[in-house]
Amino acid sequence: MLGICRGRRKFLVATLTVLFVPAFTWIYLFSGTFKASCRQDLQHLLTNGDLANGPRCRCTDEKPVSLSPYEAPANSPRYMFNQRERESLEVRMREVEEENQALRKQLSLVQTRVHRHRNHSKSYSTEEGTGDNEVVHALAWNGSECGKRPTVEKCETIHIAIVCAGYNASRDVVTLVKSVLFHRRNPLHFHFITDAIAKQILGYLFETWMVPAVTVNFYDADELKPEVSWIPNKHYSGIYGLMKLVLTKTLPASLERVIVLDTDITFATDIAELWAVLHKFKGQQVLGLVENQSDWYLGNLWKNHRPWPALSRGYNTGVILLLLDKLRKMKWEQMWRLTAERELMNMLSTSLADQDIFNAVIKQNPFLVYQLPCFWNVQLSDHTRSEQCYKDVSDLKVIHWNSPKKLRVKNKHVEFFRNLYLTFLEYDGNLLRRELFGCPSEVDKNSQNLQKQLLELDEDDPCYEFRRERFTVHRTHLYFLHYEFEPSTENTEVTLVAQLSMDRLQMLEAICKHWEGPISLALYLSDAEAQQFLRYAQGSEVLMSRSNVGYHIVYKEGQFYPVNLLRNIAMKHVNTPYMFLSDIDFLPMYGLYEYLRRSVVQLDMANTKKALIVPAFETLRYRLSFPKSKAELLSMLDMGTLFTFRYHVWTKGHAPTNFAKWRTATTPYHVNWEADFEPYVVVRRDCPEYDRRFVGFGWNKVAHVMELDAQEYEFIVLPNAYMIHMPHAPSFDITKFRSNKQYRICLKTLKEEFQQDMSRRYGFAALKYLTAENNS
């Protein structure tokens, strides 16, 4: 009997437990003392072993939320639950219970991970000056600790400041931006302090990148030069290496905090983790820095080495957290200036730019600095102690290539670091155009108009993909390599304009040997191909000897080769009065550049609308002894070594040039437009753009020449100029044109629509194009 009673009591207790424990658990979870962000961060902590940062939860003192609508104050919409909201709440409660069950299963693993991180932390964090023991905080995590570790709000904007100047730095900073975008879960606001070159490059890049929830502002570095130009600086970064000192003055007064980064940084984690550290600053701490990981400031690297004053090893300024509002109140401008003036009396110049001055200020005012764990700036410089920052490479958060040797620096794990860097270097930036779930982006008018135009297209149209390409925005990096060319006061310079893809790269050196003038090239490449091109160019003596070639990378997207978009980009960034609209497969005759400069003067191109035609020829031989004169070319033409361009397949394209007349001509002569005419011409820089509806093969040049004729350009053939087309394998687009019937049908449709557009724009004068087409 007693056993039966005991059995009933056990059954009753078990029943009550099953009924009431889940209920109390749900009420507790929604009481406001344990937020979803805490659970997510704990799960991240247990899964990744990220105890060095500790849980980044955010506890509140909010009152428990009542689950009953009748307990709400009168007229309070916050607790007025309708049927749909109650159902949603029940679903969420079930999800929360499932998450907690998963967390409980992982709790058994925490002790081993904590032990591993405790041992790892002792190797370096004991040298950190803040006195904060991150591991102890992680082990002591409970409700009270949460208040010391606030997280970043889901849609809180993270502000990042970067000083960037010149062509190379503009290229390097893209890899940094990619690594940040790859990991981020928050809106970002980039503040770039740039010269005119970097502003042009990065402004156009972000405009065409169109990454959601990313804002970009530019600040003119030239205006800041007087603020720091009085400081002698031996560092290779030059005057721009000092501009982080004046950020409190440069950035908006409303901006209270910012992360400052060098361009040679690579992120291996979400930057929000670093942003959250700003909440840990106490008292007068206004600078977050990582200790310098070399012996530079100890002064023992070589005999008579005299570094600037610093606390112990000093601090590295490749990654800085700034509380701008407090710095302004402390009169930061006055503080660093007085320190710099005093130290320069003995040191004469800085060796490490702004870093020397930051350290001198901190030496006098150590209370200003919050020392970051060293994994927030793993410095891969010579004589570095960075290996003590991590036990395993998975512990890394930020890698800093702060040696002039960059990727060639010596380090035990340099292969891993290099591969991580190369991963982002060659990563497809188009994949980073992802929306942030739950974070509304600012409405961009260009994006809005683009979306509207795309919605107007009929997806059932067989030519939908052709029409859609016209509205595709291709991410574009202007001036991928250093460019330097200033037109003379004579205003007679001519820029050769062309476009190419990776399979035509071998033509670049030959063209540079034939054309000594400026060149503007648009290259259609993937991110990985862009790096292959960079290595090819840097390894070429011919290309590296030329600074007047502008390389503009248009990144691949979609299935068509956007030939006319590429031409337009190359044309748009010409800085000479005239352009020679060529193709990459052609070699101009030797001396053509100077001949064209004389011709534009003789034919008064500056005051008249003329298109000067350079007659085109071709060879079927891969090895050609290039003719050095017109007489030599005519001889090769008679011998069958050369032919007029497309003589065998498309004579109409160049027949109006009148090659028979050209053979004996000694002065320029006029020719009339004819159907399908597509010569290579020299025009003023203000000529009309190419029509973007034509992609791949077919009618891309024909349409442009037709537009020139409609705008009353006069076609003039130059008697002593020529260019020769070199043989190559057929392009992918011409193969599609020949093999795909639908491709040819769509091209014909687009051509008819273009002619109709011409009629609307130019009226009666454009009727001849329809007539000529019908007669051809």
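**View 1. Helix H7 passes helix H8 in a right-handed crossing.** A crossing counts as right-handed if the near helix is turned clockwise from the far one by less than a right angle, and as left-handed if anticlockwise. Before going further, please note that this is a predicted model, in which local features need pLDDT of at least 70 and side-chain atom pairs count only at pLDDT 80 or more, while totals for chains, interfaces and linings use all residues. Residues are numbered from 1 along each chain as its sequence is written, and side-chain values use heavy atoms, with hydrogens and water left out. Helices (H or I, at least four residues) and strands (E, at least two) are DSSP runs, numbered from the N terminus.

Two packed helices are described by the angle between their axes and the distance between the axes. Here, H7 (residues 166-183) and H8 (residues 196-209) pack at an angle of about 35 degrees, with 9 Å between their axes. The axes are lines fitted to C-alpha atoms, for helices over the stretch in contact, and angles run from 0 to 180 degrees between N-to-C directions.

**View 2. A closer look at the residues where H7 meets H8.** From H7 come Gly 166, Tyr 167, Ser 170, Val 173, Val 174, Val 177, Lys 178 and Leu 181. They meet Ile 197, Ala 198, Ile 201, Leu 202, Leu 205, Phe 206 and Trp 209 of H8. Twelve residues of this contact are nonpolar, two are polar and one is charged. In this grouping, Ala, Val, Leu, Ile, Met, Phe, Trp, Tyr, Cys and Pro are nonpolar, Asp, Glu, Lys and Arg are charged, and the others, Gly among them, are polar. Contact here means heavy atoms within 4.5 Å.

**View 3. Helix H9 (residues 221-228) has buried residues, among them Leu 224.** Ala 221, Glu 227 and Val 228 are buried in H9 as well. Buried means under 20% relative accessible area, exposed means over 50%, and partly exposed lies in between (1.4 Å probe, protein chains only). Seen down the axis of H9, the buried residues fall within an arc of 85 degrees, so they line one face of the helix. That arc is taken from the directions from the helix axis to the C-beta atoms. Glu 223 and Pro 226, on the other side of H9, are exposed. The cover over the buried residues of H9 includes strand E2 (188-194), strand E3 (214-220), helix H10 (247-250) and helix H13 (332-347). Look also at the start of H9, where a side-chain oxygen of Asp 220 reaches to within 2.9 Å of the backbone nitrogen of Asp 222.

**View 4. Thr 317 sits in strand E7 (residues 315-323).** Thr 317 counts as buried because its relative accessibility is 4%. Leaving aside neighbours within four places in sequence, Thr 317 is in contact with Lys 244, Asp 262, Leu 289, Asp 354, Gln 355 and Phe 358.

**View 5. Val 361 belongs to helix H14 (residues 354-364).** With a relative accessible area of 0%, Val 361 is buried. Not counting residues up to four places away in sequence, Val 361 touches Trp 332, Met 335, Trp 336, Thr 339 and Leu 368. Val 361 and Trp 336 are 25 residues apart along the chain, and 6.3 Å separates their C-alpha atoms.

View 6. Asn 658, at 33% relative accessibility, counts as partly exposed.

**View 7. Ala 710 lies in helix H25 (residues 700-710).** Ala 710 is buried, with a relative accessible area of 16%. Beyond residues up to four places away in sequence, Ala 710 touches Met 758, Tyr 762 and Tyr 769.

**View 8. Arg 385 is in the loop between strand E9 (378-379) and strand E10 (398-400).** At 17% relative accessibility, Arg 385 counts as buried. From C-alpha to C-alpha, Arg 385 and Asn 292 are 8.8 Å apart in space, and they are 93 residues apart in sequence.

Notes
Polar contact = N/O pair within 3.5 Å; in protein donor to acceptor, adjacent residues only side chain to side chain.
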